[in-house]
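Please consult the sequence and structure shown here alongside the notes.

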Amino acid sequence: MYYGAMDFADCANGDGIRVTIFVSGCTNRCEGCFQPETWSFTYGREYTSETENRLMEALNKPYVSGLTLLGGEPFEPENQRVILGLLRRMRAELPDKNVWAFTGFLLEDLLREGFEKRCEATDEILSCIDVLVDGRFDLSKRNISLKFRGSENQRVIDLKRSLSEKKIILLYE
């Protein structure tokens, strides 16, 4: 997996101060995407054990609320296997930190057997995420006043509750 950038004090992509990694690779290619360079699966730098150690060190700061995954597309199968390793480590070493993830795919699709982007890592990744912002960015529905999303079709989902209650629970309408 490659990544385009990391931010160790992000306050725009989730509640609180966050550590953010922008993974590379996206087949959604939304019109108006704010980072089209991340569509390439080889954009930026290769993710290594050193990268993961830097993320974990930054996450371990007391003022950091958690990790945010965005891109590119974290749920491209090429990215999921590496992301799962990071999330397993984070949950083991820093269980009090939360995880936000942004995806252009819908939660219903990620949960559906046979969906082309599902792989052996998908369900476990979803179980590690606290908040999922889902849905493709839609330029015709762009709204800069929305909290933590760019277009009105996107949803900010309380993923833990949604999976537990087997229905979509939104954090922000």
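The model is predicted. Within it, Thr20 is part of strand S2, which covers residues 17-23, and the aromatic pairs number 2.

**Thr20 and its surroundings**

- Thr20 has a relative accessible area of 0%, and it is classed as buried because the cut-off for that class is under 20%.
- The side chain of Thr20 makes a polar contact of 2.6 Å with the side chain of Asp10.
- Leaving aside residues up to four places away in sequence, the contacts of Thr20 are Ala5, Met6, Asp7, Asp10, Thr68 and Leu70.

**Aromatic pair Trp100 and Phe148**

- The rings of Trp100 and Phe148 are arranged edge-to-face, with 4.9 Å from centre to centre and 70° between the planes.
- Trp100 belongs to strand S5 (residues 98-102), whereas Phe148 sits in the loop between strand S6 (131-134) and strand S7 (155-158); the pair therefore ties together parts 48 residues apart in sequence.
- Trp100 and Phe148 are both buried.

**Aromatic pair Phe105 and Phe115**

- Phe105 and Phe115 also form an edge-to-face pair, at 5.6 Å centre to centre and with 75° between the planes.
- Phe105 is located in the loop between S5 and helix H3 (107-111), and Phe115 in the loop between H3 and helix H4 (122-128), so this pair ties together parts that are 10 residues apart in sequence.
- Phe105 is buried at 8% relative accessibility, and Phe115 is buried with a relative accessible area of 12%.

Terms used: Residues numbered from 1 in each chain as written. Predicted model: local features only at pLDDT ≥ 70, side-chain atom pairs only at ≥ 80, totals over all residues. Heavy atoms only, no water. Helix = DSSP H or I, 4+ residues; strand = E, 2+ residues; numbered from the N terminus. Buried < 20%, exposed > 50% of the residue type's maximum accessible area, 1.4 Å probe, protein only. Polar contact = N/O pair within 3.5 Å; in protein donor to acceptor, adjacent residues only side chain to side chain. Contact = heavy atoms within 4.5 Å. Phe/Tyr/Trp six-rings, centres within 6.5 Å; stacked < 30°, edge-to-face > 60°.
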